[in-house]
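Welcome to this short tour. Open your viewer, keep the selection tool at hand, and follow the stops below one by one.

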Amino acid sequence: RSDQLRRRIADRILKQINEWMPFIVISEMDILFSSDNASIGENAIGIYLVFRFSENEELASSISLIVG
């Protein structure tokens, strides 16, 4: 899988967050494929986000999910 696909996915996530949750700031994002991590299925994508509220930097959290 190409870096271009990874960038397209990241751009789409950022676009949707900016549109629907403008109060959220993404400070870190990783897009992973099975070639990056053996625990991710062949037809799945792993997404890891670290985010915070734009008004309060102390309210930060992260989420990891596998889609597919």
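This is a predicted model: local features need pLDDT of at least 70, side-chain atom pairs count only at pLDDT 80 or more; totals for chains, interfaces and linings use all residues.

**Stop 1**

Select Val50, which you will find in strand 2. Is Val50 buried or exposed? With a relative accessibility of 18%, Val50 counts as buried, because buried means under 20%. Before moving on, pick the C-alpha atoms of Val50 and Ser61. They are separated by 5.9 Å, although the two residues are 11 apart along the chain.

**Stop 2: the nonpolar core**

Next, select Ile9, Ala10, Ile13, Ile17, Ile24, Met29, Ile31, Phe33, Ile47 and Leu49. Together these 10 residues form the largest nonpolar core. Colour the chain by element and you can see where they come from: helix 1 (3-20), strand 1 (24-32) and strand 2 (45-53) each supply at least two core residues. Helix 1 gives the largest share, with four residues.

Stay with one member of this core, Ile17. Setting aside neighbours within four places in sequence, Ile17 is in contact with Pro22, Ile24 and Ile26.

**Stop 3: a pair of rings**

How many aromatic pairs are there to look for? The count comes to one. Select Phe23 and Phe53 to see the pair: their ring centres are 6.0 Å apart and their planes lie at 10°, so the rings are stacked. Phe23 is in the loop between helix 1 and strand 1, while Phe53 is in strand 2, so the pair ties together parts that are 30 residues apart in sequence.

Phe23 counts as partly exposed, at 40% relative accessibility. Phe53 is also partly exposed, at 35%.

**Stop 4**

Take a look at Met21, which is found in the loop between helix 1 and strand 1. Met21 is partly exposed, with a relative accessible area of 36%.

**Stop 4: the salt bridges of Arg6**

Which residues does Arg6 form salt bridges with? One partner is Asp3, where the closest N and O atoms are 3.7 Å apart. Arg6 and Asp3 both lie in helix 1, three residues apart, or about one turn of the helix. The other partner is Asp36, where the closest N and O atoms are 3.0 Å apart. Here Arg6 sits in helix 1 and Asp36 in the loop between strand 1 and strand 2, so this pair ties together parts that are 30 residues apart in sequence.

Arg6 counts as partly exposed at 22% relative accessibility, Asp36 is partly exposed at 39%, and Asp3 is partly exposed at 49%. The count of salt bridges comes to two.

How values were computed. Residues are numbered from 1 along each chain as its sequence is written. Side-chain values use heavy atoms; hydrogens and water are left out. A nonpolar core is a set of buried Ala, Val, Leu, Ile, Met, Phe, Trp, Tyr and Cys residues joined through side-chain atoms within 4.5 Å. Buried means under 20% relative accessible area, exposed over 50%, partly exposed in between (1.4 Å probe, protein chains only). Contact means heavy atoms within 4.5 Å. Rings of Phe, Tyr and Trp (its six-membered ring) pair if their centres lie within 6.5 Å; planes under 30 degrees apart count as stacked, over 60 as edge-to-face and the rest as tilted. A salt bridge is a side-chain nitrogen of Lys or Arg within 4 Å of a carboxyl oxygen of Asp or Glu.
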